[in-house]
Amino acid sequence: MTTTWRELGYLTPELVVLLGAAAVLLLDLFLPRGRRRVLGGVALVPLGVALGWVLRALWAQSGGPSQLHKVFGALLLRDPYSLGFDVVFLVAAILGVLLSLRYVEREALPAGEYYALTLFAVFGMMMMAMSAELITLFISYEILSLAVYVLAGIARGRAVSAEASLKYFLLGAFASGFLVYGIALVYGATGTTVLYDPLGQSASTISGLILERGLFGNALLLAGLALLVVGIAFKAAIVPFHAWVPDVYEGAPLPVTAFMSAGVKAAAFAAFARLLFGGFRNLGEVWQPVLWVLAVLTMVLGNAAAIRQQNVKRMLAYSSIAHAGYLLVALAAYTARDVAIGSVLYYALTYTAMGVGAFAILLVVGQEGEANQELSDYRGLASRHPWAAAAMGLFMISLAGFPLTAGFLGKFYILNAALRADLDGLAVVLGLASVVSWYYYLRVVWFMYMTEVPKAAVRPISRATSLGVAVAVAALLVIALGVFPSTALAVAQMAGHTLLPLGY
Amino acid sequence: MPTLTTPIPANPAADWLPVAVFLVTAVLFAAVLLWIPRLIAPRHPTPDKARPYECGERVSGEFWQQIHIGYYLFALVFIIFDVEVVFLWPYVRVLGGRLIPQGLGLFVFFDLLLFVGILVVALVYAWRKGVLRWE
Amino acid sequence: MEIPLSWYLILAAILFAVGVYGALARRNAIAILMSIELMLNAVNINLVAFARYVTPRELTGQIFAIFIMMLAAAEAAVGLGLVLTVYRNLRHIQVDEINLLRS
């Protein structure tokens with residue numbers, strides 16, 4: 001009896017977020033129209049509680065042996081890995097809600113649905129990072145996806161938002177068809193959907209059966225793995241499955257774009273790493289070259305497209321593809337997995353801080369109906385609004401990967417993993433891609449600091465407190481992760497080690 | 001004689017023979033039923049007779065009519081709940097079959113309550129949004 | 001004679017391919033949605049066949065098929081809602097003519 005109750009206890013943060021979503025949805029129905037602005041604040045409560053729980057759980061394990069619990073058989077794993085990614089999702093969601101508070105009111109979006117769907121999406125992400133079984137993985141993937149499809153189109157009156165959302169939905173549903181076909185084939189080849197057993201108690205898992213039955217060249221299994229990679233690569237915005245990214249990121253409401261670019265990508269990579277390093281750890285020689293090619297394509301094409309953009313929102317969208325490429329380099333560093341997985345988690349956290357921060361500045365500068373997002377709108381920002389310009393400058397040099405920022409260390413640890421795995425070529429491509437990215441990131445800084453604008457053309461910026469708080473939190477995170485990385489790194493490494501093979 | 005114990009080699013065609021016979025019979029039956037009236041029934045078509053049958057009323061409007069959008073919401077609510085009910089089966093099968101004998105009845109109860117509770121939230125939402133009212 | 005597993009797999013693969021073709025070739029958003037549902041149902045055939053032949057004593061495959069049916073319904077609900085919003089904005093749902101966003 002007690003074991004099962006304890007299992008539910010391991011899911012506390014997930015359940016808190018889920019109940020929070022239901023509470024927001026119900027409150028919205030019974031609140032008078034004018035009071036609905038409190039819903040954003042209500043949505044912050046479960047996110048904060050969950051973040052507190054997760055941090056406390058991680059704190060309790062730092063130094064000591066890491067704890068690993070199976071929940072519901074082996075469907076879900078409550079390990080430092082899932083806790084670490086929960087931090088990323090919850091930080092992204094809290095920043096996303098802070099960005100939305102003013103925006104939802106200004107654009108007259110349906111507040112109840114907006115925040116409830118955000119919470120449902122976070123719930124899906126958290127489940128995705130926990131799931132160690134393919135059906136659970138698929139369900140979490142869909143919970144996340146359906147919520148985000150609707151969020152992308154929640155500005156119903158704006159045709160671009162509706163268009164972005166329909167495109168995202170059609171391509172996403174198409175990709176989930178591939179994912180689920182892949183799951184069916186893997187199930188057919190092995191007879192199980194459990195990825196691996198971290199405690200080594202059962203060999204009837206995918207990773208165990210691959211070894212036991214020698215399924216290394218099994219056609220069904222390999223086809224299934226390929227389809228699984230396609231399905232997840234779509235969510236992670238990896239070239240050549242990235243066609244939706246620029247349109248959706250541009251058409252979706254800005255706070256949703258910020259939340260998506262950080263949270264959805266992190267969730268996809270959380271599942272990706274668990275899938276490859278967990279369930280298919282014994283097929284590393286097969287999937288590593290594939291990831292190598294995908295990583296090069298993603299870095300090169302993402303950067304090449306970002307250079308040409310004049311619209312900052314679109315530039316950030318393409319550059320987020322490039323960042324997915326950097327994360328892929330870490331996944332390809334299969335033989336150095338003791339450091340590779342930790343570097344994925346660390347980079348996901350840094351990207352969340354700097355990426356969402358940059359989108360927050362877009363909101364500060366942008367005006368009603370998503371105007372003012374051209375590069376030229378940043379002319380002379382430094383002289384008019386020095387703090388906004390300084391924060392944007394910080395996010396840009398961090399995204400570009402300059403030392404003493406979070407982005408530099410994130411890339412440094414990925415490079416470290418790549419070199420230790422003897423992926424010299426990939427490391428060189430990563431370095432060159434970063435240098436190329438300096439051009440378009442620093443161009444924003446140049447526009448802000450080196451150009452002037454006639455007084456008549458000066459436009460006001462948004463001064464909402466919630467936006468200021470979000471920018472400050474993101475900026476502090478970028479500096480803290482860049483200057484004092486040791487704690488976060490130690491946690492990321494501990495989290496990464498939970499995926500190393502102990503048993504089957 | 002060992003012939004009785006030797007297995008007769010299976011003839012794949014023989015297994016499918018009943019199916020084939022059934023198919024042919026069905027097609028023939030339908031064809032004959034269509035052919036007999038043509039042979040014996042009198043045919044005097046008039047414009048009135050050629051009209052589609054609408055319970056004796058005069059035909060009005062187009063056949064390809066737009067369906068009221070309200071049906072869409074009803075269908076949506078219906079299909080979600082319809083499919084969710086399917087889940088009660090695996091629930092009963094797994095939780096009831098394995099956990100209740102272990103003395104976990106209360107846990108099963110609250111687990112199901114959570115599941116149904118989420119559905120109730122959805123229903124309350126649909127109700128307050130006026131989906132259940134036909135204007 | 002029992003029907004071998006491969007027949008089911010071939011049927012499912014053909015259905016899946018038809019769905020993929022439809023999703024890529026059709027222009028009407030609803031038709032694309034229907035093609036995607038076809039892909040999901042092809043997977044269901046696979047799952048039930050695997051459940052019968054590979055793990056006859058477990059329910060994994062069947063339960064997964066139920067989950068996919070539920071998700072297909074949820075997807076259809078969300079998809080039709082999105083199609084409606086696009087229709088209200090643009091008065092049509094031909095996906096190749098929806099190009100407000102530069103790409």
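1. Helix α2 (residues 12-30) of chain A and helix α5 (residues 105-128) of chain B have axes that come within 10 Å and cross at roughly 25 degrees. Axes are lines fitted to C-alpha atoms, for helices over the stretch in contact, with angles from 0 to 180 degrees between N-to-C directions. Helices are DSSP runs (H or I, at least four residues), numbered from the N terminus. The crossing angle makes α2(A) roughly parallel to α5(B) (angles under 35 degrees count as roughly parallel).

2. This is a predicted model, in which local features need pLDDT of at least 70, side-chain atom pairs count only at pLDDT 80 or more, and totals for chains, interfaces and linings use all residues. Residues are numbered from 1 along each chain as its sequence is written, and chains are lettered from A and ligands numbered from 1 in the order in which they are written.

3. Which residues make the contact between α2(A) and α5(B)? From α2(A) come A:Ala22, A:Leu25, A:Leu26 and A:Leu29, and from α5(B) come B:Ile118, B:Val121, B:Val124, B:Tyr125 and B:Arg128. Residues are in contact if their C-beta atoms, placed from the backbone, lie within 7 Å. By class, this contact has eight nonpolar, no polar and one charged residues (Ala, Val, Leu, Ile, Met, Phe, Trp, Tyr, Cys and Pro count as nonpolar, Asp, Glu, Lys and Arg as charged, and the others, Gly among them, as polar).

4. Between the chains, eight residues of chain B are in contact with seven residues of chain A. The chain B side comprises six nonpolar, one polar and one charged residues.

5. On confidence, the predictor gives the complex an ipTM of 0.94 and a pTM of 0.89. Chain C has a mean pLDDT of 88 (the predictor's confidence in each residue, from 0 to 100).

Methods. Contact = placed C-beta atoms within 7 Å. Helix = DSSP H or I, 4+ residues; strand = E, 2+ residues; numbered from the N terminus. Parallel < 35°, antiparallel > 145°, perpendicular 65-115°, else oblique.
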